[in-house]
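Here's a quick briefing to read with the structure open beside you. Take the topics in any order you like.

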Amino acid sequence: MATTAETAPAAIRARSVPRGWTPRPLAGLIVTTAGGVLLVAIAYHGARLNKGWADPVFWVGLLLMFLPVCFRLTGRQASRGERLCLVIALGLALYSIKVLLEPTLFTFHDELGQYRSAVDILRTGSLYTRNPVVPAYAFYPGLLSLTAALSRLSGLGIFVCGVSVLAVARLLLVGGLFLLIERLSDSPRIAGLAVLVYAANPNFVFFDSQFGYESLALGLAAMTLWAATAVLERRGAGLRALLVAALLNVALILTHHLTSYAVSLAIVIWAVVELVRRRSWRETLRLTLLAGFSAAATVAYAIWSWPATVSDIGTSVTGSINGLISVLTSHVATRHPYTAVPGYSNPVLERIVGLASVALLLIALPWGLVAVWRRRPRSTGLFGLAACAALYLPTLALRLTSGGSETSNRTSEFVFVGLGAVLAVAFVARLGSRAISRRVLRTPPRLLATLYLGVVFVGGITVGNALYELLPGNFQVAAANRSVDPEGVFAARWAARLPAGQNFLGDETDEELFTAFTRLSQQRGEFNNRGIGVLFTDPRLNPLDLQIISYYKLRYLVVDKRDSTALPADGHYFEGSEPVPGYRHPVARSALLKFGRAPCIDQVFSSGHLLIYDTEPLGRGCHEG
Amino acid sequence: MRARALGFLGLSATTGLCAAGVWLTASGSPERAIAAFLLLLLLPGLAVTRLLPQAQDEPGGARLLLTLAISLAVVIIDSAVLYVAGIRLDVHSWTLSVGGITFVALVAGLLARAPASRGLAPRPQLSQVAAISAGVLVAGALIVGAVLTTQAGVRAQAQADRFTALWALPMGQGPPGVRIGVFNHQGAAESYVLSVSVNGSPYASLNPTVQPGGRWETSLPVSPRGHQLIVRLSSVSRSPSIQRTVQLRLTPTPSSSNNLS
């Protein structure tokens, strides 16, 4: 170890990475990455036309983006600039495939909810307007205010501006991670590989590319932490470096709760460790100041926004804890782990790759932790990343429960920062050892490392996403973005003319669309210990239905007749209203159409599949039938 | 010092031009979009990084990232401050505040002690630039191909998703009546037959022809004594034929008579 170029002192290490530019490989790899984007676009085209070849072409395209860059970054030849360019090119290419998937409007659950808040800012000229989907969206207005400002000033739509802001956020995420890990490890090679491992986290390609506050927050977090390292490292920079880190931190606090908590916690722990290690407060004064400011600002904002925040993360956390306790005490069966969506299983091959990716990460983790320990880095930050990586194992345990799966998935963006750094140190230690210092002997290990990263990358995507979410295509019942089609979007846009503030109920997709495009309020909840979606499951309009309509003041009922044609792909039609252990048959068509037969309920819209009922006559004392 | 003064003048002029572009050019026009993107996503960061000696020492990539991150942070915090100050978030407030922050930072950068730069990074040679440019050009062509392919796929899918929507709503103001509308997403011009009945009796028949992607709307006056209105749409030119129905109860008191306006 001690003799390798990557573990030598910083000055020697700096010489081990070529300076200047290595233009030909860089140009070639930019072309292969773009070629991968083109292949994915062709796969999407095929999927939209229901071609069977779309699925394999999609994976080939993804691997064409990822593997050549992997192979290049595992080697020693690439310069620092080339490595940074390559991770940025890869990050943007992987972002582009989410944009190409839905190139005309936002369709993911979180996107439609945040869209509503962005529209509210433009409409009211104010922040913090109540969001009926997730109250926390409005309380963390960073992405929303940025998008709204860009939209208002440019005159372009929210979709175009949101996509542009998120492209910048992706740039900041991959670039910021590279710079952060480079500074902590003194190695651009480790930094490049760490970003590759990070890109294999289950949420990177799709979830973290969506129009969601976390997508922007991750980029700001990476830059905040990098700026924080400058506070400690740059002794001559005065207070200005501290101010930049504080500025970025405040923007982060205004953008996303969990990410700001994680970053604040990391800075505080780091400052404490530096104080203990260096035993001189003068050396770490600026970092201590930053930690104090970050903690105070984060806590203050968290207290102020707590009622909204707890509704977003509280359910997930308590669900995880309760689920884990239930599994440990054998009260409930474990959930089928490493499936993207409860109730849905990817095809066998995808599941095998998903499990293989987790196994490969678990195998390499101890090896990486030992490599970090042996490396004895100058900064304690790398040890911090190692501690973060060690959290991977406990988060996997959460995947055994239905409630915990969501939490485990959401933590991967943070855990993979550490995991990426640790595995990168291990790779570099192995690939850079004297035993394989001859170029011809270095190629097979590099190929193996590339294969390893490829499996982890593909497995991450299959673990984090149901297959139907990855490719566009025909409408599917209760299948996230695949349930958003022109008919549903038109109905929602038409419903914008309905009186603002009225309550409505529909299936999950219609609730998301109508909330995004109208000023109606979706309703969720229970009545007599049953989710109010039960309104759509009984073939006859019974007294319970009328009580639900009255209690929740449901003015409009949105029905999609296609719900009666198939079981829900993601296990439920109506959020929080599903029979346990799941549906055996699709919801009855007569149950969906009963409102048209009922007295005193109007049918004000019909587009074939979608019907909108108005219960207003019930409210004014209609007594037909 | 002269370089810094020139930089100050250049960035100040650009900020002013962008602000003017946002105010004076048409909404959604390319020049206004460019002005807005520069004003919000680049100029604040460029101005603030001129205050940071260490930013001047970072390699180009890192400096660009820092510039973008600071720009985003400035706009986010600026929006929050405007809200707290009770100022409406609109074109004027955002443009003035972000432009003002940028200008103040530029002035502060001009007045601040000159950053101790470690010197310029080595510039790439012409042959290197040519190779990378060629790669970027080819990649750009491939991305354009991806965009065109996606565009064609989206268009084909939209044409495959065919539907006709019929709706009816009571008119909120003015004389009693209803507003009826049709939306054609069948991919071709469509002739519809609309049969309107009030309290079970025929009231009106309409024959709109609606272009693909087009909407048709009309208002029908209905007597306050009219109780139930039903609109049936059909189009027999297609197989299977299109049938839609909507119904409204117009008054709170049921009536069995056919009282038309």
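How much of chain B counts as buried? Of its 261 residues, 37% do; a residue is called buried if 20 or more other C-beta atoms lie within 10 Å of its own, exposed if 12 or fewer, and partly exposed in between, with C-beta atoms placed from the backbone. In chain A, buried residues make up 57% of the 625 residues.

Before you dig in, this is a predicted model: local features need pLDDT of at least 70, side-chain atom pairs count only at pLDDT 80 or more, and totals for chains, interfaces and linings use all residues. Residues are numbered from 1 along each chain as its sequence is written, while chains are lettered from A and ligands numbered from 1 in the order in which they are written.

**The two chains at a glance**

- Chain A has 25 helices and seven strands, and chain B has seven helices and nine strands. Helices (H or I, at least four residues) and strands (E, at least two) are DSSP runs, numbered from the N terminus.
- In chain A, residues 24 or more positions apart account for 72% of the contacts with a separation of 6 or more; in chain B that figure is 62%. Two residues are in contact if their C-beta atoms, placed from the backbone, lie within 7 Å.

**Domains**

- Chain A splits into domain 1 (18–211 + 305–470) and domain 2 (480–619); domain bounds come from an automatic or database domain assignment.
- Where these two domains of chain A touch, domain 1 brings 18 residues and domain 2 brings 15.
- On the domain 1 side, α5 (109–124) and α20 (467–470) of chain A are the elements giving two or more residues, and α5(A) gives the most, with five.
- That domain 1 side is made up of 11 nonpolar, four polar and three charged residues. Here Ala, Val, Leu, Ile, Met, Phe, Trp, Tyr, Cys and Pro count as nonpolar, Asp, Glu, Lys and Arg as charged, and the others, Gly among them, as polar.
- Chain B has domain 1 (2–115) and domain 2 (163–249), and their centres, taken over C-alpha atoms, are 53 Å apart.

**A:Glu111 in α5(A)**

- A:Glu111 sits in helix α5 of chain A, and it counts as buried because it has 22 C-beta neighbours inside 10 Å.
- Setting aside neighbours within four places in sequence, A:Glu111 is in contact with A:Phe106, A:Gln210, A:Phe211 and A:Gly212.
- A:Glu111 and A:Ala516 are 405 residues apart in sequence, yet 8.8 Å apart in space, C-alpha to C-alpha.

**Where chain B meets chain A**

- The meeting involves 75 residues of chain B and 77 residues of chain A.
- On the chain B side, α7(B) supplies the largest share, 20 residues.
- By class, that side of chain B has 52 nonpolar, 17 polar and six charged residues.
- Helix α7 (residues 126–160) of chain B has 35 residues and reaches 51 Å from its first C-alpha to its last. That's close to the 51 Å expected, the expected span being 1.5 Å times one less than the number of residues.
- Among the buried residues of α7(B) are B:Ala131, B:Gly135, B:Leu142 and B:Gln157, and what covers the buried ones includes α2 (23–48) and α4 (80–101) of chain A.
- Two strands pair if DSSP finds at least two bridges between them.
- In that pairing, A:Ser606 stands opposite B:Leu166.

- Five of the five residues of β7 (residues 610–614) of chain A are buried, so the strand is largely enclosed by the rest of the structure.
- A:Leu610, A:Ile612 and A:Asp614 point one way from β7(A), and A:Leu611 and A:Tyr613 the other.
- β5 (residues 554–560) of chain A pairs with β7(A) in the antiparallel sense over five bridges, with A:Val558 opposite A:Ile612.
- β6(A) also runs antiparallel to β7(A), joined by four bridges, and A:Gln603 has A:Tyr613 as its bridge partner.
- β6(A) and β7(A) form a hairpin with three residues between them, and A:Gly608 in the turn has a positive phi of about 100 degrees.
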